[in-house]
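I record here what I looked up in this structure. The entries follow the order in which I worked.

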Amino acid sequence: MHPIHVIGGGLAGSEAAWQAAEAGVPVVLHEMRPARMTAAHRTNHLAELVCSNSFRSDDASTNAVGVLHREMRALGSIVIKAADAHQVPAGGALAVDRDGFSQAVEKAVLSHPLITLERGEIAGLPPEAWESVIIATGPLTSPGLAEAVASLTGEGALAFFDAIAPIVHRDSIDMDVAWMQSRYDKEGPGGDAAAYVNCPMSRDRYEAFVDALIAAEKTEFREFEGTPYFDGCLPIEVMAERGRETLRHGPMKPVGLTNAHAPAVKPYAVVQLRQDNALGTMFNIVGFQTKLKYGEQGRIFRMIPGLENAEFARLGGIHRNTYLNSPRLLDTRLRLKAQPRLRFAGQITGCEGYVESAAVGLIAGRLAAAERLGIAVTTPPPTTAIGALLNHITGGHIESIDAGPRSFQPMNVNFGLFPPIVEPRVDDAGKRLRGPERGVARKRALSARAEADLAGWLDGAGRELTMGGTHGSFAPAFRILRTV
Ligand SMILES: Cc1cc2nc3c(=O)[nH]c(=O)nc-3n(C[C@H](O)[C@H](O)[C@H](O)COP(=O)(O)OP(=O)(O)OC[C@H]3O[C@@H](n4cnc5c(N)ncnc54)[C@H](O)[C@@H]3O)c2cc1C
């Protein structure tokens, strides 16, 4: 059987190689280090953690990344297995001894009889003879390959920096203050003239907001990142520093909008939020890409009328980050529509974080293996964490007509990516739940549904993709189970 070529031996590539090999398919894993290093990696080990040593919360009952850990354990993830084996104390988080962790992943991958490691950079498009390729070269993909992918996918389809505006859970916005309206009631392609959430600001509130932005603590760019500011994508705090009126003439301009709660009062400035996912559970703050420190973002953005109790699905940031406009370019199985032999995995697909990158590697490895074995398979349902992440990358994000080329931005897994659930109103004892308790109950319900649906998927149509075990026992399971 022709092998699957996995390019990049980071979190996603190591996991993809492991999963495909466990399914019984030979893999050649290509890693350019140490011959060519990235600006962030320091060792020649596979699955190196380039910064923090944390895989974040391990709480599967109320935290979406904890749910993802649980699912990856159930799916035989080598990354989570190595993390579990090299844990260091970190309260409720799964943190690891970084060297022990990456050496454990490397040892497992290198000792797998179906995986061959080839050290060396793939500096352009993979050779035509490679029929099945997983590109998992991460946020710091080498320039030769990045340029080749960029020319294959077309202008603007591959970004080299993210410019992330904060995303707010829709149900945490106070709609007694905010209102729905599109500027000048302009209809979108779907005929909706009230697509945006609008938060009005008086002059005093605006002045206080600008002062807070100017005084706030900011994060610095790393040396290798340079200063990637370009027109149309300035951080809001930089706009505020350029002049007190700049924001009011930019993303916070109050024109073409009438406050539905006080039509006679003209707002001095308006903050707009745009729907971010097809489910309508998340809204991004338009034009609010930022380098403010995370703590400052929570404090300052809650100064916006209507967002006093906002819960953030993601905070803003700007980083060096190579990633595709995946919802447009990839099919639901992570294959490049223009050249389906090329599949993508990890951060380059527009997920964010160690765990998410490994999770997308996991599913890419399984999908590639199933394809090699000639089996049609289903993907995990979007009610699971891994399915929700896959859905975000391949289609869940919506791009509005005026969103600009950078509408799709990298995203950590979070409950906002999951289809909504009917919120529990009472606890198990029948007692009525209050505000914060309801939020916790909702997360528990989403987690329980994810657990049940992953189990259902394991038992049903997805099972051929989900067998654990070793390479020896995996392949027959592909053949005997029902295909979809
Ligand atoms: C500076 C920085 C700090 C980060 N900090 C965190 C953090 O603290 N926590 C967190 O959760 N996430 C963090 N991230 C985000 C992200 O989770 C990690 O970058 C993660 O490692 C991504 O996994 P990956 O497998 O997609 O890419 P990587 O782990 O980067 O793996 C990609 C691999 O591909 C190799 N490669 C690249 N180009 C080629 C080529 N042409 N040929 C062959 N091999 C190639 C690289 O050497 C690398 O080994 C950070 C990202 C950056 C850039």
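**Strand β13 and its partners**

I began with strand β9 (residues 167-169), which runs antiparallel to β13 and is joined to it by 3 bridges. Strands here are DSSP runs of E with at least two residues, helices are runs of H or I with at least four, and both are numbered from the N terminus. I took two strands as paired if DSSP finds at least two bridges between them. The model is predicted, so I note its terms: local features need pLDDT of at least 70, side-chain atom pairs count only at pLDDT 80 or more, and totals for chains, interfaces and linings use all residues. Residues are numbered from 1 along each chain as its sequence is written, and side-chain values use heavy atoms, with hydrogens and water left out.

Which residue of β13 is the bridge partner of His-169? I found Met-282.

I then turned to strand β12 (residues 269-275), which pairs with β13 in the antiparallel sense over 3 bridges. Here Gln-275 has Phe-283 of β13 as its bridge partner. The hairpin of β12 and β13 has 6 residues between the strands, and in it Gly-280 takes a positive phi near 75°.

For the side chains of β13 (residues 282-285), I noted that Met-282 and Asn-284 point one way, while Phe-283 and Ile-285 point the other way. All of these are buried (under 20% relative accessible area; exposed is over 50%, partly exposed in between, with a 1.4 Å probe and protein chains only).

**The open sheet**

I next traced an open sheet of 3 strands, in the order β3-β5-β4, with antiparallel pairing. β3 (54-57) and β4 (87-88) stand at the edges with a single partner strand each, so one side of each has no neighbour in the sheet. Helix α2 (residues 64-74) packs on this sheet and touches β3 and β5, contact being heavy atoms within 4.5 Å. The direction of α2 makes about 115° with that of β3; axes are lines fitted to C-alpha atoms, for helices over the stretch in contact, and angles run from 0 to 180 degrees between N-to-C directions.

I counted 2 bridges between β4 and β5 (residues 93-96). Val-88 has Ala-95 in β5 as its bridge partner.

**Cysteines**

How many disulfides are there? With a disulfide taken as a pair of cysteine sulfur atoms within 2.5 Å, I count 0. The closest cysteine sulfur to that of Cys-51 is in Cys-351, 16 Å away, which is too far for a bond. Cys-51 is partly exposed at 40% relative accessibility, whereas Cys-351 is buried at 0%.
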